[in-house]
Amino acid sequence: ASVPNANLKRQVSQLQSSYDFVVVGGGTSGLTVADRLTQHLTTKKTLVIEYGDIQFAPGQFDPPTNWITPHPNAPPSWNFNSLPNPEFNGKTAFVRAGQVLGGSSAVNGMFFDRGTKFDHNAMAELSGDDGGPPLTKWNWSGMYSYFKKSVTFTPPSASVAAKYNYTWDEAAYGGTGPVYSSMARFQWADQPVLRRAWQEMGINPVKECADGTKEGICWAPASQHPITALRSHAGNAHYANVQPRANYDLIVKHQVVRVVYPNGPKSGPPRVEVRSLLDNTLFNVTVTGEVILSAGALHTPSILQRSGIGPSAFLASAGISTVIDLPGVGSNLQDHSGPPVTWSYSSPYPSFGPLPSQMTSNATFKAEATAAFSQTPAEGPYTLAGGNSAIFVSLPHMTAQYKTITKKIRKMATDGSASAYLPPDIRTDPAMKAGYKQQLLVLAELLENPDSPSLESPWATSEAPGGAMALSFLLHPLSRGTVRLNLSSPLDQPILDYRAGSNPVDFDLHLAQVRFLRRLFNTTTLQGLGATETAPGAAVAADDAALKGYVKQAAYLSFMHPCCTAAMMPKPKGGVVGRDLKVHGAKGLRVVDMSVLPILPAAHLSATAYAVGEKAADIIIADWE
Ligand SMILES: Cc1cc2nc3c(=O)[nH]c(=O)nc-3n(C[C@H](O)[C@H](O)[C@H](O)COP(=O)(O)OP(=O)(O)OC[C@H]3O[C@@H](n4cnc5c(N)ncnc54)[C@H](O)[C@@H]3O)c2cc1C
């Protein structure tokens, strides 16, 4: 990585006496906002305060890793283990978040897709869209231009496109944003096998999945440079590659503890209390314009709670005086989750080649892969990152019984029984109940829509230890978890209570997904290869209770997409921010990161984090210009 040439500070003494804007967290959304603010509001000074350091390479999937290498709970990532999930036999969710300049975009799988127009229209409905100014509309038409703006897309060469049958539509792109989006120049040998099998299951290839519709088989670009295939992330795109700007300061290895309103939250902006990770000293940054919280879905709610903004009962238990009682802070946690189906082939798997296991088992293959990546343009397995294809399937295309499921959801929403599934400490709160009811009604509509995917199965390869697998992602979960401060150590990572499966309808959805994916084993392609199902197995799948047992045992409870912990919904619906992203009742304080989504989209989240950052920047610039 190039050495950053903007104004890097490592000591508090190097900071200016006050800033117009302080962005808390130099991650995916935060650096997007900081870049745009400093570019357009040239007389205003912006400071980014980042917990991690500048540590750009290697990220996950970058050489010299073995394609997927576990990271320790240390920079550049935080690892979280959630509280045990009783509905999943006490299993914990393993979640990771970026702890580095660039945030999670610097460590993620680089799968670079977008949600659907149905997702974003649903979010707009939940945000309380009442026909206000276009800038604060969060429906698809209010978001699409920001998805486009945030990236520069480079189509694959004709030969690469022909080799892998890549399809795309440049009309979905056309922006010149500093984040690169391009197609891999490599696929593992079994990739086309699954693609053929999915088509035999009636899942049709979609030419372009980034234009608001994506029900079918999708190619997604990766967030990587089109020639070098190096990871493109917020740290290099929105900071290191920015020409020096006198109004753009960054301090790294400092933790924002909280925001402080000395005269109450109506007389903002607040000052920002910061802790040096070098010597543990505390100091305040004076802000004259706004504080923008962009610490990600797991840390933004922690900062709000330490600031006295959150569920008052919880704050009282933590010994923190309530500044604003906002029960939604950290109370709407969602993530993608689900079990795989697995199989083996009668002939030895390596009749396909190459496969990812060769990265660890064959030193020559790995050396060749490393050399290929250094070519111009880069070639080989390292250009694929975590993979760039997936199926996205709607509930009506998975099961004829879909209306039984959506009827159940509507019933529990309208008769009020659903509130029993909310986290215990906010369960009786009228605003949280009203908001959850609306979320469920909106989700029932999404789940019923034959064009709105509710299952994703991503694949770069089906190879897995001991055989082959296809994962299922529950794209629109109904269960809600919490992020709460660790009372014995409130400056540390917060406590995550995923509460996976607390709404029982999530199991109906998991069961429908597994049963649908098992149809793979009846396809001519997999039968022809002698595929034998290893899990869950026909006997288990035939029985609801047994299959539920399998889901509990085999599910991954996080696919690293935590969100929605400071939801953009009205205050009487349990929301934390309005459509202008301002925290309800707090002057000079906004949230701009994946916390603000009210529900998960049918997508991995980084493209959405950039688009939200771009849109937020325009909203803030319009307010201050
Ligand atoms: C391992 C992994 C794999 C993933 N795979 C994909 C994928 O393939 N495709 C995809 O689209 N998405 C993927 N995601 C998700 C996606 O990258 C994130 O959802 C998105 O980048 C989040 O953006 P954000 O701006 O909300 O937060 P982040 O980008 O995480 O930024 C938050 C920043 O705040 C900093 N911070 C936290 N607390 C403080 C504090 N108190 N003071 C100062 N700074 C603080 C953090 O260090 C971080 O830099 C993955 C995520 C992970 C972790």
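**Exercise 1.** Determine whether G328 is buried or exposed.

*Solution.* Start with the cut-offs: a residue is buried if 20 or more other C-beta atoms, placed from the backbone, lie within 10 Å of its own, and exposed if 12 or fewer do, with partly exposed in between. G328 has 28 other C-beta atoms within 10 Å, so G328 is buried. The model is a predicted one, in which local features need pLDDT of at least 70 and side-chain atom pairs count only at pLDDT 80 or more, while totals for chains, interfaces and linings use all residues. Numbering runs from 1 along each chain as its sequence is written.

**Exercise 2.** Locate G328 and list which residues it is in contact with, leaving aside neighbours within four places in sequence.

*Solution.* First, the position: G328 lies in the loop between β14 (324–325) and β15 (340–345); strands are DSSP runs of E with at least two residues, helices are runs of H or I with at least four, and both are numbered from the N terminus. Next, the contacts (C-beta atoms, placed from the backbone, within 7 Å): M432, A567, G574, G575 and V576.

**Exercise 3.** State which residues come nearest to the ligand, and which element gives the most to the shell around the ligand.

*Solution.* A residue counts as near if its C-beta atom, placed from the backbone, lies within 6 Å of the molecule. There are 43 residues around the ligand, and G25, G27, G103, G109 and H604 come nearest. Elements giving two or more residues to the shell include α1 (28–40) and α7 (296–306). With four residues, α7 gives the most.

Notes. Contact = placed C-beta atoms within 7 Å.
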